[in-house]
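Hi there,

Here is the structure I promised to pass on. Have a look at it first, and then read my notes below.

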Amino acid sequence: MIELKNSGNLIGSVGLPAEVNDTKGMSEAKQEDAVHDVRDAIVIGSGPAGYTAAIYLGRAGYRPLVIAGALAPGGQLVNTTEVENYPGFPDGVQGPDLMDAMQKQAEKFGAQIVWDDVVSVDLGTDGESSRTDGIKTVTCDQGATYRSRALVITTGSTVRKLGVPGEREFAGRGVSYCATCDGFFFRNKPIVVVGGGDSAFTDAEFLTRFGSSVTLIHRRDEFRATKILVDRAQANPKLSFMLDSVVEQVNGGDDGVQSVTVRNVKTTEMTTLPTSSVFVAIGYTPTTGFLNGALQLDKQGYIVVDGSSTRTSAPGVFAAGDVVDSVYRQAVSAAGMGCRAALDAQDYLTELVR
Ligand SMILES: Cc1cc2nc3c(=O)[nH]c(=O)nc-3n(C[C@H](O)[C@H](O)[C@H](O)COP(=O)(O)OP(=O)(O)OC[C@H]3O[C@@H](n4cnc5c(N)ncnc54)[C@H](O)[C@@H]3O)c2cc1C
């Protein structure tokens, strides 16, 4: 039977040199000793999914270690201003303030946070592992290694960008990557959507509820989106199309976006299209590179979970939020899934001692 401790006794503790954590080369007996110091749970990621998982695991007494990321701690919401659709904030909340509050809440219940990026994992489940006892080893960019019995992965995804002049300058001031989040701000104004897949069509149709008009700009004259979405969009009187066209530049002033410069890829003709906003819907990249094949991913690179659970292809490894979910992509849905991952991890840890 494995002894579970709630002391959060991490092997690669903050402040301990990385070599202290390296069990390779240790005798078997020493490795066994080290296992008693293994943490119960590590959460990778500090967005809404990660902090929610940490709050639940912390309240259950597991004192999780949160590896928060060095480049984007707090996740996607730290890059936005007003969040109006997170429950409990009738007057809205600034994205960074919301994430700050989640961090404090996780720490209040015993979560320990390190600001580093995970670069590789060893899930202790196959012949290639340094161990085959199910202990997970996580290695960080600065060289520290941490080990745990359960692992919750919440590393989110990043939006694909257009990469054109003006895009970065007007991000949050008319350039948006989230129609559900920001459509409301552009009532009765002309809106542009860029993309040709299901997300672009879903966004464009959703945005017709707000905008005076919606123009969908797509680089080809045919779409990747499913036929029913295309048919519906073509029948919508508020929606028009600029095909064989790419956005070359986003233009604006102090009040935000005013127009986009569009190039027809066949005729090379340039057009200036007045708009209040540009919704970029050309896809997301889930942050799973550090897994290096350790878990089953779908064709787009999202972590595959078992049905409505958060269980991944490796025992004791759970995943939640945008790194799993290519559909809903909201702070509240990520937080909800983080809760489920923590509860699944608790079940797993409880089973280990039975
Ligand atoms: C501009 C913008 C505005 C938005 N506005 C809203 C809104 O108003 N309302 C709403 O509900 N949703 C909004 N969203 C969507 C929302 O932010 C996401 O759905 C949500 O943040 C997903 O949460 P998550 O925890 O799954 O991942 P993320 O928030 O993406 O967090 C991922 C975390 O993983 C960490 N990480 C990544 N790789 C590693 C690694 N190798 N090692 C360690 N850590 C790592 C990152 O540092 C980060 O902390 C917005 C998104 C964007 C981009």
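With 14 C-beta neighbours inside 10 Å, D244 counts as partly exposed. Please keep in mind that this is a predicted model.

D244 sits in the loop that runs between strand 13 (239–242) and strand 14 (245–253).

N188 is another residue to look at. Although N188 is not a glycine, its phi is positive, at about 60°. You will find N188 in the loop between helix 4 (179–182) and strand 11 (190–194). Is N188 buried or exposed? It has 9 other C-beta atoms within 10 Å, and 12 or fewer is the cut-off for exposed, so N188 is exposed.

Now to the ligand. The shell around the ligand holds 39 residues, and the closest are G47, G69, G75, G156 and G321. Helix 2 (48–59) and helix 7 (331–353) are the elements that give two or more residues to that shell. Sorted by class, the shell has 19 nonpolar, 17 polar and three charged residues.

Happy browsing, and do write back with any questions!

Best wishes

Notes: Residues numbered from 1 in each chain as written. Predicted model: local features only at pLDDT ≥ 70, side-chain atom pairs only at ≥ 80, totals over all residues. Helix = DSSP H or I, 4+ residues; strand = E, 2+ residues; numbered from the N terminus. Buried ≥ 20, exposed ≤ 12 C-beta atoms within 10 Å, placed from the backbone. Near = placed C-beta within 6 Å. Nonpolar A, V, L, I, M, F, W, Y, C, P; charged D, E, K, R; others polar.
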